[in-house]
Amino acid sequence: MAHDEPKYGTFESSSSSSPENNTLLVQHVEATRAPLVRDDPATRKQFWFGITCFAVALNLFAQTPCVVKVLYTWDPAVYTVCSILCAANTVAMVSMPILFWKDITPHQLCKLTRHELLSLVASSVLYSAIAPLLQYTGVQYISIPTMAVSQRLEAVNFAALAYCFLSAPMTKWAEVNYIVIVAAVVAYWLLDAVQQRDHPQSPNTIFGIVCIVLSGWANSSSLIILKSQLSKLRSGQVAVIRVVLGGFFFHILASVNEDHGEYTTGKLWANMLWFGLVYITLAQWLWTTALQLCSPPVIAIGISAMFPLQIFWSFVILPGFPTNTQLALGAFLCIVTMSQAFEVHKNSLDFMSPRIIR
C-alpha cells in the first residue's frame, strides 16, 4: 500500500500543533496519522533506527545533570558552572558543524532573514546560555530527584505560554493534568523541606529550586520564539547556532572571571572532551535523527520517559537511595506525565510536551 512520504527537516507547523521542554527540534510531519511502521522493509528499518536513536538520546539527556553533579564533587575548584559550560560548548562548537554541515552551508545561512536571525539569537541566548547557567547552578544545591520533579513545571510553563501567545488549544483533561502537576510538585517541595528542616544548607536548597524553575521558564520562552518565528528553519541550523552562541556567551563570562586558572588546566579539558562529544554533540545528532524518523505521537509519549529516567540514573550514577517522599510523589508524577502523553497522542497536540524540542 503506497503512502506519501513525510516531509522532514524543517519546523513546518500545522493549525493543530505547537512546539520543546523539558528540553533540543520536532519536525511537524505531514503524515502524522500514517501507520508508525509501514510494510516497506526499508521504512521499517528506518523506523527502528529512529527509535534506537531516540532511546539513546533520552538516556544521554537524563544522565547529563548526574554527570555534572559528579564532576562538581571531583574538584570544585576546577569544575565550576562556567568552566564546564564553557569547555563543553567549545568542544561542541568544533564538532557539531561537522555533523550538520549540510544545514549550515553559506547558501543555507544566506536564506535567513534579519527577523529570523534576531529571533534565533534571542531564542539561543535563552536556551543555550541563560537556561543551562541556571540549571547547572541549581544542580549544585539540590538532588537530581528534586531537580527532576521541579522540571515537571516546564510542561505547565510552556502550555500557559502556548495558550497565551500561540492560541494553542487546551483540553479539560490537560488543564486537570497541569493543576495536578503543580499540586504534586509543591507537595514534594513541602514534604522534602520538612524532612530536611535540620539540614544546615536548606536556604541553598530553596535557591537551587528557584534556579531550576527559572531555567524552565527560559527554556519555554525560547521554544515559544522558535515555534512562532522560526518554524521553517532546518533543525541543524538551530542546533549549531544555539551551541555557537552559547559557547560565545560562556567564553565572555569566563573572560570577565578574575581567576582564569581552571580554564587552562588539563584535567578540565581531558574530561570536557568526552563530555562535550557525548552529551552535547552526539546527543544532539541522535536527537535530530530520531525526530526525523519518528512520528510526533511517538516522540510525545517517549519523551515522558525523561522524568523516570532522570530518577533512575541519579541512583545509578550518584550515591544514595530514594526517600519515601521521592518514591511516592515520583510514582504519582510518572502516572500524571504518562496520562498527559497519551492525551497528546490521542489529540496529536504535541505542544503539551514542551521537551519535544531540545
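1. K172 counts as exposed, because its relative accessibility is 64%; the term exposed stands for over 50% relative accessible area, buried for under 20%, and partly exposed for the range in between, with a 1.4 Å probe and protein chains only. The structure is a predicted model, in which local features need pLDDT of at least 70 and side-chain atom pairs count only at pLDDT 80 or more, while totals for chains, interfaces and linings use all residues. Residues are numbered from 1 along each chain as its sequence is written, and side-chain values use heavy atoms, with hydrogens and water left out.

2. K172 is paired with E175 in a salt bridge, and their closest N and O atoms lie 3.9 Å apart. The term requires a side-chain nitrogen of Lys or Arg within 4 Å of a carboxyl oxygen of Asp or Glu. Both residues belong to helix α7 (residues 172-195), and because they are three residues apart, about one helical turn separates them. E175 is partly exposed, since its relative accessibility is 33%. In general, side chains of opposite charge can pair when their charged atoms come close.

3. How many salt bridges does this rule give? The count is two. One of them joins the side chains of K267 and D75, at 3.0 Å from N to O. This pair links distant parts of the chain, for K267 and D75 are 192 residues apart. K267 stands in helix α10 (residues 266-293), whereas D75 stands in the loop between α1 (41-74) and α2 (81-99). K267 has a relative accessible area of 41%, and is therefore partly exposed.

4. The overall composition may be stated next. The protein chain holds 13 helices and zero strands, where helices (H or I, at least four residues) and strands (E, at least two) are DSSP runs numbered from the N terminus. Along the sequence, the pattern reads α-α-α-α-α-α-α-α-α-α-α-α-α. The protein chain has 358 residues, of which 56% count as buried.

5. The axes of α2 and α4 come within 9 Å and cross at roughly 135 degrees; axes are lines fitted to C-alpha atoms, for helices over the stretch in contact, and angles run from 0 to 180 degrees between N-to-C directions. α2 and α4 are therefore oblique to each other, a term for what remains after roughly parallel (under 35 degrees), roughly antiparallel (over 145) and roughly perpendicular (65 to 115). α4 also meets helix α9 (residues 235-255), with axes that come within 8 Å and cross at roughly 55 degrees. That angle makes α4 oblique to α9 as well.

6. V125 lies in helix α4 (residues 114-139). V125 counts as partly exposed because its relative accessibility is 34%.

7. Y72, in helix α1, is buried because its relative accessible area is 9%. The C-alpha atoms of Y72 and V139 are separated by 9.7 Å, although the two residues are 67 residues apart along the chain. A254, in helix α9, counts as buried because its relative accessibility is 7%. Its C-alpha atom is 7.3 Å from that of S83, across 171 residues of the chain.

8. R152 is found in the loop between α5 (144-150) and α6 (153-165). Is R152 buried or exposed? R152 counts as buried, because its relative accessibility is 9%. Between the C-alpha atoms of R152 and A184 the separation is 9.6 Å, and the two residues are 32 residues apart along the chain.
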